[in-house]
Amino acid sequence: MMRLRIEAKQVERCRSLAQQIATQLERDSSLYTTVTIERTSLRLLGLDGADAHGVPLPNLVVDRLREDLGDGVCRPLGLVMASRGGDLKDAVAQLLERGPAAIPSPEPENWRAPVAELAAAGLGRISRQRQERSQRMQRLPVGRSPWFYVIVATGNVYEDAVQAQAAARQGAQVIAVIRSTAQSLLDYVPEGATTEGFAGTFATRENFRIIRQALDEVSDELGRYVMLCNYCSGLCMPEIAALGAFERLDMMLNDALYGILFRDINMRRTLTDQFFSRWINGLAGIIINTGEDNYLKTDEGLTAAHTVLASQFINEQLALASGIPEEQIGLGHAFELDPELPDGFLCELAQALLSRQIFDRHPLKYMPPTRYKDGDIFMGYLQDGLFNLVSQMTGQQVQLLGMLSEAAQTPGIHDRYLALQNARYIRRNLEHLGEELEIRPGGRLEQRAVQVLRECQELLERIAGQTLYEALEAGTFAGIARPPEGGRGLDGVVRKTDRYWNPFSPS
């Protein structure tokens with residue numbers, strides 16, 4: 001592959017600065033729990049379902065114990081289970097009926113044991129699904145990269161299943177089911193199969209199961225494993241991560257910065273949730289996707305390219321701190337420069353190559369142009385072709401395919417077919433081109449990469465000298481400013497007490 005002549009010490013310095021930033025955040029987040037983390041713990045213990053009004057049982061339990069949530073839900077649950085014979089359903093019923101009054105005093109001996117047993121069973125379910133994925137992928141390889149990634153978003157899970165299978169037959173290797181608009185702002189996970197999402201389908205455990213089954217069927221038909229992606233960003237980040245682990249999803253968008261910037265979720269809430277959710281993704285063998293590609297939809301790619309790279313460095317270290325190995329860290333970036341910009345393609349190539357070279361062990365997720373598409377399908381198809389060219393030349397791992405009808409209509413089956421045809425043509429005809437080319441020393445392409453890396457280091461120096469919270473408040477990323485105490489979900493953050501106990505705590 002082509003190589004840029006960049007300073008290794010400069011890259012090491014950026015990583016060191018990003019690690020400082022991540023360590024500071026991890027230290028802060030470890031002092032807190034959230035309503036979502038506690039609900040997730042209940043789900044990992046095996047609590048599922050909803051009441052007659054459709055309210056999820058984990059929400060009911062956490063709300064009932066809200067005043068003492070600093071102790072966590074696993075402690076009172078264990079105390080009640082130990083005093084009543086170790087039955088989860090009975091203990092939950094007691095806590096819902098009597099609240100904290102159900103907790104026995106004095107404390108029974110060995111009260112952690114019944115919860116620890118349920119925790120081991122929950123982690124065992126995740127481990128078995130990870131093993132199942134590994135066995136299937138050995139028998140049915142995904143195929144060569146870049147992996148072609150397409151989206152289905154009908155709102156009806158059963159129609160999504162049909163369209164997902166159709167896309168797989170057309171050549172897609174990763175299918176992403178887009179969530180219904182604004183689900184990231186719901187502080188609960190709906191139950192069951194859903195058929196009425198808006199511009200997407202609700203992320204529920206049953207919907208995950210339905211699409212996973214459909215893709216397993218088409219994988220056997222095609223002789224290659226088709227990967228499933230969904231989103232666990234938002235107010236229910238760790239809960240949806242757990243449900244995805246139970247139902248063998250392969251990729252999940254998991255990025256607190258995306259939620260802060262584009263959904264106005266409180267930064268302490270979502271960064272605390274992110275550590276727990278990424279720990280689950282790591283255990284499950286799920287590849288995470290981060291959302292840096294979105295920064296250039298609201299900021300200018302020519303002048304803000306270094307913010308994308310800086311965020312990639314930070315997200316890498318945050319993921320490593322959560323226990324996610326490098327081969328599961330899918331950092332995001334995008335092809336989003338103004339088509340009227342002189343040498344825009346050169347700059348796009350420099351940025352993609354810079355990310356690929358620095359994060360050479362990560363399955364980078366490369367996003368197609370969307371911001372500067374205006375409904376002209378011919379120009380859109382050309383833009384997508386150039387994007388596909390850069391992706392192939394720079395060895396991207398996960399390639400989200402652009403749609404020629406972007407900005408004109410919601411893509412249909414025929415749009416996906418044309419997108420896949422375009423990408424296959426480029427991959428087939430340019431398979432080894434990147435191995436045959438060299439970057440001219442000191443040329444424009446290399447100068448651009450060196451400039452972006454230098455500006456990235458300067459930005460990370462500034463952030464490390466303050467906090468990421470202050471950087472977000474200043475509008476450093478995506479040109480969007482968010483106050484540390486603002487945004488949705490802050491009321492769901494609780495400081496841990498000295499009595500806090502959770503068998504799933506990553507630390």
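Gly301 sits in helix 13, the run covering residues 301-321. Keep in mind that this is a predicted model. Is Gly301 buried or exposed? With a relative accessibility of 6%, this glycine counts as buried, because that value falls under the 20% cut-off.

What does Gly301 touch, once neighbours within four places in sequence are set aside? Its contacts are Leu296, Leu337 and Arg448.

The largest nonpolar core takes in 72 residues. Leu44, Leu77, Val150, Ile175, Leu215, Ile240 and Ile280 have the most contacts inside it. Helix 9 (residues 237-246) supplies the largest share of this core, with seven residues. Another core lies apart from it, with 69 residues that include Ala18, Leu354, Leu468 and Phe477.

Ignoring neighbours within four places in sequence, Val150 is in contact with Ala167, Ala172, Val174, Ile175, Ala176, Leu401, Met403, Arg416 and Leu420.

How many residues of helix 9 are buried? Ten of its ten. The list runs through Met237, Pro238, Glu239, Ile240, Ala241, Ala242, Leu243, Gly244, Ala245 and Phe246. After helix 9 comes Arg248, which has a positive phi, near 60°.

Helix 3 (residues 57-64) has Leu57, Pro58, Asn59, Val61 and Val62 as buried residues. Which helices do the buried residues of helix 3 pack against? Helix 2 (35-45), helix 5 (88-98) and helix 9 are the partners.

## Salt bridges across the chain

Side chains of opposite charge can pair when their charged atoms come close. A search of the whole structure turns up 32 salt bridges. One of them joins Arg13 to Glu461, with 3.1 Å between the closest N and O atoms. Arg13 belongs to helix 1 (residues 8-29) and Glu461 to helix 18 (residues 444-465), so this pair ties together parts 448 residues apart in sequence. Arg13 is partly exposed, at 32% relative accessible area, and Glu461 is partly exposed at 32% too.

Next up is the salt bridge between the side chains of Arg139 and Asp220, at 3.6 Å from N to O. Arg139 is in helix 6 (residues 112-139) and Asp220 in helix 8 (residues 205-222), 81 residues apart. Arg139 counts as exposed at 51% relative accessibility, while Asp220, at 43%, counts as partly exposed.

Asp187 lies in the loop between strand 3 (174-177) and helix 8, whereas Arg269 is in helix 11 (residues 267-284), 82 residues apart. Their accessibilities tell two stories: Asp187 is partly exposed at 27%, but Arg269 is buried at 0%.

Glu239 brings us back to helix 9, where it is listed among the buried residues.

Conventions: Residues are numbered from 1 along each chain as its sequence is written. This is a predicted model: local features need pLDDT of at least 70, side-chain atom pairs count only at pLDDT 80 or more; totals for chains, interfaces and linings use all residues. Side-chain values use heavy atoms; hydrogens and water are left out. A nonpolar core is a set of buried Ala, Val, Leu, Ile, Met, Phe, Trp, Tyr and Cys residues joined through side-chain atoms within 4.5 Å. Buried means under 20% relative accessible area, exposed over 50%, partly exposed in between (1.4 Å probe, protein chains only). Helices (H or I, at least four residues) and strands (E, at least two) are DSSP runs, numbered from the N terminus. Contact means heavy atoms within 4.5 Å. A salt bridge is a side-chain nitrogen of Lys or Arg within 4 Å of a carboxyl oxygen of Asp or Glu.
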